[in-house]
Amino acid sequence: MAYGIVMAVVAILTQAPDGRVQFEKTRPAAADPGTASPSVLKEARRLLNNGRYAEAEEALAAVESSAGKEPGKLTPTLRSSMAILRAESQSSQGEYGKAIETLKAAESADPANPHLPARLAEIAITRGDWDAADAAIARARKIDTDDLAARWAEARLLDLRGETEKAVAACKWFVERYNLRQAEIARDAEALLIVGQASERYYRASARGEELAESLNDVINQVYDAALRADPDCWRAPWLEGRLFLSGYNERAAARELARAQEINPLSPEILVTLGQNDLQGYKLAAGRSKAERALEVNPHYAPAYILLADLNISDERFVDAHDAARKAVAENPRDIEALARLAATARLLVDPIGATAAELAATAINPRPAAFYAALGERLADRRKYHSAERAFLLAAAADPLRADAPIGLGMLYMQVGREAEARTLFDAAFAADPFNVRADNMMKVLRHMSAYTPIESKHYTVVVDPTQDELLGRYMSKYLESIYATLTSRFGYVPPERTKIEIMKDHQWFSGRTIGLPFVPTVGACTGRVVALASPKATRQPFNWARVLTHEVTHVITLQQTEFNIPHWYTEALAVESEGYPRPQEWNKMLLERVPTRKLLNLDNINLGFIRPKEPEDRSMAYCQAQLYARYMLKRFGEDALIKMLMAYRRGLTTDRAIAACFGVEKADFEKEYLAYLDEVLQTIRTRVNEEKPLKFSDLERRLKAKPEDPDLNAQMAYEFFARRSYKEARPFADKALKLKPHQPLASYVKARLLQVIGDDAAALAVLEPSLDPKRPNERVIDLLAELKLKDGDLAEAERLYEMARKDDPYHSKWIAGLARVHLRQKQTAKFLDDLAMLAANDADDIKVRSVLAEKHLALGHFDQAAKWARECLYIDVYGPTTHVVLADALVGGKKYAEAIEEYQTAIELKIRKPNDVRVKLARAQLEKGDRAAAKETVEGILREDAEHPEAKTLREEIEKEKSPK
């Protein structure tokens, strides 16, 4: 590997058994300290390689001035070498015109130097001027037919024109040349870089599997690292290694090599853009954008930087900005296939089929087999779930160049996203043979091998795929739940998916991440591609979660994405998914609204998608979900019950949000946004949650402020609280006392003083301090909480209830106050109120299984069988493996005379090895008997008595069965 021991090679030409040329390893050759340029230019070249362009040009000027003073020293060779370095500096900064002028002037003065026209060819290719490149190559090769730079430019042009076979043959020449003249080439870093790139292209076309892996390792270890040894300032060597790793999604290895390159040249646009591409793969969009912008600061005409910006903007769903970046890339190089691919992709995403077709025609006019164009187009369209268009692009890329790995990998990933795993497996096998360094292909092959043991659970509308050794039971219950919500969701949105939706329950989070993106980590437990929903098994997660809520959310995405042919924007599908969950707005969202709405620190339709994709602040993602849901509710309120469906249909027609608003509601976006803000103001009036008025302060800041204002009662109270929180009770007391002296009944000081009294067991004194500090119109949260707790402890239930109700009026959804009321109502034996309190607590936390369990048991005891079954099922939505819950559900179903369902639940509880299984079997037998299945009931009872002949309930039930003359 690149980070291992560098191996050198000698000039020996060998053939693989299939005739493929390959390197052969022998003992290292001695390095020549010389370079291709005269030694007097060594410092200028070092500065240039370090990205210090101005200093490099100053050094060149100094050399020219010094040499000019000595007759005969400023030789044509020196002049030409200086011109090449100066042109490289100019090109690196985007001054291509100057670089061309510099090289042409030098070529006129030194017409026998092949390196000058070879460099002109390189710049011409960069600018898309292929005629000029052809002419320059011809001039260089007329002087020296074996000039490496000229031949490499020629090979690149063959590839760019779609003459793949000729290009591969041209690259093979470099491997042969290296093997014949290794000792000579090994001293020239620039020559080694050319040989490395040509060899990489040749091996990718001619080798597969382990042979290809070995050959690419040779390129890294024997060529690129040898270039760095020949010239320690050769930043392109680790850069090319990093780029090779990045092409295979090996982000860690790529980052390591790119960091080595950047240590040498921190300003290289090539390195910055490749680092940005690494960020794009890791979805670090802001970091990638920063690197693209830095690259353009160095070279404002660097087309790959604009291509990177286009990719980042596509991932950000900023399609207009992406289109603008793509146009700039094409303007820099009209024959850049990669740039044209982004132009086509952004036109397609902006629903501009004419523009997309024009870009494609331009690409095929340049190259009749533009595999790179179609592969990049497919990648970008697949990123935005344009599956049909992306599939076409990948298939065309594979047809144009069957040896490429990126097309089958991209198509395989697409097939995984739409649930066509069998086809994906074949593609990944072929792709890994074509690119054994590709981490994503390797990971997906591992995922598919892992999933080969999974089994499907089929229902009318869903296929739930599970690991049968772990999640078979979970899959059955998920299948039932999905069918139970199918009619509700499809009728709500007016759309029925044409095929079964596949739900894949991955064994753990690592397999879920691999299944979702082919890489190690995704920061969520559920994901939807529009065709397939993948979940990490709840059994393997650290914290249990309500999988039914997650499934409702993700299946809503399935419906709305398919319904709009994947044109729905991120914010709107999330709005509908959150609304479909059916839970109240979280308290944290209310607090954010109270903080942000008055100051208008809000997202809008222009940037809300970024809140999901690239939040600027930690709260922005939650705010995006909150505001998206409120956009949906605002549309319902202002435009009527069919407003949401109208927007869905508009997106299905391919309209942008601006055009959809105008078409659906007859208003402009500005008016829509203005009235939305007014709606948020209305929502705010319904939220009485009080934002914490005690602004957090660092202890050092508090000390400084208190020193400046020692008589400030609020600062003294805060200091008292800080010491109390640290359990420094002795230090807390004097600050609390001083605050109360300065401001009697100061709430926070009163709270601290009361807690200090509570510590020593003087609850009565604590009450005496607290009660005068309570402001009924605006109660302090800490004061009223402690006061209610003390009243509850003292047995004054009526006063505790009054206090909790007072707190709840100001903060109606706060679980703290609801839980306090629940404790009071439990002790007061007000069962109905107690159950209502528990139901509110459950609504506030979809993942709380304990409160749901209590609700199920309490309702069962009261004979509320429907409610008991409801809450027992909600427990199973969090933990389907709890046998007791299955028994509670079965008991509730028996109470509701739903014997068939009850039988299944009792049997499940027994399968889960519930304690005292025979007691449950008795219940099972009774349910079977009530259902009318006397034979099954008798068999169950006999089974119990074979294990426990004296089981009293089983004996009694057997007698009952024997008395039955016939089944009921």
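In what order do the five strands of the open sheet lie, and is the pairing parallel, antiparallel or mixed? The five strands follow the order β3-β4-β5-β7-β6, and the pairing is mixed; strands here are DSSP runs of E of at least two residues, helices are runs of H or I of at least four, and both are numbered from the N terminus. Two strands count as paired if DSSP finds at least two bridges between them. The edges of the sheet are formed by β3 (455-458) and β6, each of which pairs on one side only. Direction ignored, neighbouring strands of the sheet are turned by 20 degrees against each other on average.

The model is predicted, with local features requiring pLDDT of at least 70 and side-chain atom pairs counted only at pLDDT 80 or more, whereas totals for chains, interfaces and linings use all residues. Residues are numbered from 1 along each chain as its sequence is written, and side-chain values use heavy atoms, with hydrogens and water left out.

Strand β7 (residues 532-536) is largely enclosed by the rest of the structure, because five of its five residues are buried (under 20% relative accessible area, with exposed over 50% and partly exposed in between; 1.4 Å probe, protein chains only). In a regular strand the side chains alternate between the two faces of the sheet. From β7, V532, A534 and A536 point one way, and V533 and L535 the other way.

Strand β5 (residues 501-506) runs parallel to β7 and is joined to it by five bridges; E504 stands opposite A534. On β6 (residues 526-528), the pairing with β7 is antiparallel and comprises three bridges. Here A527 is partnered with A534, and C528 with V533. Three residues lie between the strands of this hairpin, in which G530 takes a positive phi near 100 degrees.

Helix α25 (residues 472-493) lies across β3, β4 (462-466), β5 and β7, at about 160 degrees to β4; axes are lines fitted to C-alpha atoms, for helices over the stretch in contact, and angles run from 0 to 180 degrees between N-to-C directions. Helix α26 (residues 509-517) packs on the sheet and touches β5, β6 and β7, its direction making about 155 degrees with that of β7. Contact means heavy atoms within 4.5 Å.
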